[in-house]
Structures are given as structure tokens and as C-alpha cells.
Amino acid sequence: MSDDPVLRVEDLNVRFRRRNVDVPAVNDASFSLRRGETLTILGESGSGKSVSLKALMGLLPSYAEITGKIWLNGTEILGLPAAALAKLRGGAVSMIFQEPMAALDPVYTIGEQIAETIVQHEGVDRRTAMKRALDLLEQVKIPSAARRLKNYPHEMSGGMRQRAMIALALACSPSVLLADEPTTALDVTVQIQILLLLRQLQEEFGMAIVFVTHDVGAAAEISDRIAVMYAGRFVESGTSREIIRSPQHPYTQGLLSSTVHGGMRGTKLVTIPGTPPNLAELPPGCAFAPRCRYTTEACRRPDIPVTIAESGAMARCVRVAEPVFA
Amino acid sequence: MSETLELDPRDRGGPAQPMLRVDGLKKYFPIRGGLLNRTVATVQAVDDVSFLVHKGETLGIVGESGCGKSTTARLLMRLMDPDSGSVVFDGDAVGDLRGITVNEMRRQMQMVFQDSYSSLNPRMTMAESIAYAPRMHGLGRKEAYDRAESLLAQVGLNPRQYARRYPHELSGGQRQRVNIARALALEPRLVILDEAVAALDKSVEAQVLNLLGDLKEKFNLTYLFISHDLNVVEYMSDRVMVMYLGRVVETGPVEQIYRHPRHPYTRALFASKPTLDPDRRTTEMPLTGDPPNPINPPSGCRFRTRCAFAEAVCAEKAPALAAPLHGDYDESSPHLVACHLPAAQRAMGAHHV
């Protein structure tokens, strides 16, 4: 395959502007993904990670102002007319959500929903589409797939529904799969099954995955690269190894040290003081500065330097830019 | 720990008497349907659950959704009535003529829920919410509000800033701090934390966990810590109880359970934990499928349908909680496992975290 990115995002900005609110939800987000690659956007609630995904999918409400550039397979898709966008959704790019019960249609069977997508996008007849649906259910390892094809969403367990939604998303072999916290609502034993399934399907289908989560553990299991988002901005990105082993940004460091893992019994957790900022009233400069223990004057100035290491790892931090502080 | 316990005037049976003794707790929910609205099935939410909580310890309860951990908590608080079983609080049977009433029990046992917003009255200020229970239990208005303010300070919220605020004016983490303060308002001895940090962001979760640790020491508390998060339970608990489909499958000291789990389910559960190491990713599914439907649980051992070791005996009768078939047995803090098969229990030893 060529080395060209299947998805490239440059300076994506999303702003929600209504009568008395003005919320810059995503600021200057840039990233690109190659075939078969997984990028995790890691962040806490309100950090803008889901909004970024929805902007890619064209799912934001009309009052959202979206600027920047998004290329999918070399074609610019931001600003495409609704009909062209609808053709892409479920075709070249598709999405899975945290709540399959909310994402699936309760009055159609799983089979009908998957077949519908295939008919819409590829214009094949229903019987062929239904047969493809059966294959897909088998590929996502739903036991007794032929019977499940005729099930309604409420007749399935949570893990099964999540598999069905993945089958639906993969129906037209998308080049990019957007996954918005798909394992958050699941039990651990089911979560790991879904993560392994996604990894395996990625090998078979070769799609690129943008995986959004707040869970460092899930990120470590699935991603090639991780981008950490805070207050609507990427503060650090790198390979998952770089981010988990040697985080550079104080926020990433704090997030990792406050994530409880085995063998921490009896120690006090190192926490990040305070709470995430209100996006409508962001401080100038680094948004993390009010909670950061290394804050200096330079952090409050508007242009925070971005450091890009040889490996391509990025950090947006005054301290990283000037190692004198360390 | 024992020194302060002996000084606590509320302590009745001495440090050796368990704070809570639960015996044969059972709750079945009927499912009605059909033409005459008859009971067509039952959900065996909690089925014959027995355990002890010692004074000053934290007992963690882990398990997947539907395993009965939250129902157990609600039964203990008498937010619903058990079908059978007894709860003895520091030697006094709850709801028994010779014991203590449910009200008296609730003065000593309080609960913090997962949803910080729905557990607060949206029309009460923080101070009102916290002062409510003490006032109901007979404390004067002034004293109750003084206590509310001091508790707000104890949980890290400046009373001047937060006492008059309403729930919607606070963040999730702040609201959960208020819920903790409210739970402490009656000076309870046992606090049940039912997924109390599950809805919080990681950075806030860590703050609240630290707070819980500090408060436990300061107020001489005993915790029942319920969570689906295995790492958080390991961090918080002295002893752990693992539940599966309404039954206890394994219980013991936290190191024993986490380092040498004996039950095939416990091992699979821990193996499902993300590794947090990009170089040692999980490669095999520890378990397949979802937990079975609690409406028609499998006969005998409820885990047998997902267990790699299952034999005929597992379908015939339910295994009782007993000492592992090999290994050390410590009288004071026993490791108990509900599994028929020595081979399945021995295989556990191979798992290291």
C-alpha cells in the first residue's frame, strides 16, 4: 500500500457560538493516519475529543463553526454538500459509539440494518446484502450468527450489541473507523474482547482507527499513537510507548500518575489539583497552567511553544521547549 | 488501628467483633408477565451471600454488572427488604426485636452512590443537604449547620464558597465530595461506597480516593467499597470479595486474591485488565461471551458455562465457599473459594500480575 495518509486533519477548529455562549471546543487540531494505523485521542470529559470525531463525521449541529482542512483518501471533505457527505458516512468513513442501544434502530433487526447500509451505498439487491450481513456478523464473532441476524437490538446483550454495531460500521469496508469510547460502558471481561476484536479486524480490513477514550488502559491496548487532549487542544502526542513510558507534558504526567494501577497500595496518589477549566473562559496561554506545578510567567503568554522531537513526538509546553527548567 | 478502636465509645463488642456480619442474604426479583400478570420468572440478584466486615478495614466487592454487588449494598442499607438472611451490626441484629432498628442502623451505616447529581436534592443547598439528616435525627438547626460547614471543609470545599450553592452549580467531583460529607454527617462507623468514583474523571477520581483514605483515618471509619474497577479496588481494600451472578465466588486478603487467585473466574477477571504496557498487550481473550442472564442462571456452579475446567460435578451442585483445596489457610483472615475442582484451583497459581 502507499504511504499516503488515508486521513489528514489540519488546523481543525470547532467553535460553538450561540446567542450568549462562545465555546472554542477544538483548537488547531492536526493529525494524520495511515492505513492500518490506530490513533487514540486521550482526554477527560469536556476535553473536546468526541467533538473532534463528530466534526470528522459531519455530525455536529448547524451552529457549530468548523474551520480547517480534512482530507479523506486525498479528497477534501470539509464543506462538502450534505448529499456527498451522506455518501461518505457509512462508506469510506464510519463510526461506532459508546451506547450501541442508542446508535442502533430499535425497530429493525440487526440484519435489516446492516443490509440497508450495504444496499444504500453499493446498490446491490437485498439478498446479496443480507448474505454480506451474515458474513459480517461471523467476522465480528457473534455466535450463531444466522439466528442473531433476525434479532432486534434489545434481544442482545451489551457486548453482543457492540459487536453488531462494529459489523454495521464495517459493512462497506471503510478506510477510516471512528470509535467514540466504544468500550467504556462494557465490563472488563467484555471490554478486552472488543479491543482484541478491533485489533484483529483492523488486520483483516486494513482500516485506520481513530479511537477516543479517557481510559489509559484501553489506549495502551489498542493504539499505535496517542494524542492527549486538554481543554480542546492537543497538548502532547507520540507513539503509545512514548506517551505511557515517558510523558513530557505535565498534564500527561499527572494523568498517568493519578491513574490507579496494580501495586500502588499504601501509597498516596499523586493527583492534579483543581478541575478542568470551563472552555468558555479559557485563560490566555497554556490552559493547564492554573493546575500545573511548574507554571511560570511564560505559561500565561498566548504563544505556547510546540516542541517536536526527532521521533515526531509533539509537546505543547514551555517547560519541554526549554529543558533548562528540568 | 486497634488502639483507636478501643477508644471509640460507640464500639460495643471490642475490636474482635465484626462490624458487620451478613448471613445468607437473598433477594429474588419477580418478573411478571402474561395475561394474569403472574410471576413468570425470577432474577436471582443476590443468592445466599454471607460475609464479615471487620472493624477498621476496607472490604472491596468486585464483579461485573449484574453480579449483585449493588443489590447487596441496597439490602444492607434496607433500601429494599431482603427475602431472607440476617445482618448483624456490631453484635446487634438489624430489624430484630433484641437488636437495633433500621433507623438506628442507618445512623451508623451510610452510603455514597455512583450518580452524584441524582443523589442530591436539586432544590437544597449543599449545607441544607448535609444538615438534613442530623436535623432529622434530632440535632438543633444551628448545630446541624455548623456541622455541615465543618464537614464541607473536611472534604476540601471552602464552606464560604460552597455552603449556599445548589447541586447544578458544582462539578461532578465537587458534588461527590458533598455526598461524602453528607454520608459522614451522622458520624457513621461504616460507609458503603457504591461505585462512588466510577463516574469521575481519572484526575478527579484520584483526588477523591485520597480524600477517602484521609477521612477513614480521621473519623475511624470502616468501608465497604464496591466497584467494577479492579485497580481501584486493589488500591483501596484490605480484603476483597469477588461476586458472580449473585453469589460470592472467592474472598480473602487483597494480596492473596490479586496474586494467587484460586477461582477460574477471578483469574479470568484479572487477566481481562488492560496491561498498561504497550509492549505486553493482551493477546488472548481470558473469557468469551457476556455473563449469562441472571433470570435463568446455570445450575450448580454459575460460572461453569464459561469455565474451561468445568466437569459434570459443576452442573450438579453449587460449590460452597471453603478453604482452597491446597495452600495456606489463615484462621484470622481466611481465603475462601467456591470451586469444586482442585485442578481448576491449582491452575490459578500460574497467574501473576
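Chain A of this predicted model contains 12 helices and 12 strands, where helices (H or I, at least four residues) and strands (E, at least two) are DSSP runs numbered from the N terminus. Its radius of gyration, 21 Å, is close to the 20 Å that the globule rule gives for 326 residues, so chain A is as compact as a globular protein of that length; the radius is taken over C-alpha atoms, and the rule is 2.2 Å times the number of residues to the power 0.38. The C-alpha trace spans about 65 × 50 × 45 Å along its principal axes.

Helices α4 (residues 110-122) and α5 (residues 126-139) of chain A pack with their axes 8 Å apart, at an angle of about 120°. Axes here are lines fitted to C-alpha atoms, for helices over the stretch in contact, and angles run from 0 to 180 degrees between N-to-C directions. On the α4(A) side, Gly111(A), Ile114(A), Ala115(A), Ile118(A) and Val119(A) take part, meeting residues of α5(A) that include Arg126(A), Met130(A) and Leu136(A); a contact requires C-beta atoms, placed from the backbone, within 7 Å.

Turning to the interface, 36 residues of chain A are in contact with 35 residues of chain B. On the chain A side, α8(A) gives the most, with 6 residues.

Residues are numbered from 1 along each chain as its sequence is written, while chains are lettered from A and ligands numbered from 1 in the order in which they are written. As the model is predicted, local features need pLDDT of at least 70 and side-chain atom pairs count only at pLDDT 80 or more, whereas totals for chains, interfaces and linings use all residues.

Technical notes: Two residues are in contact if their C-beta atoms, placed from the backbone, lie within 7 Å.
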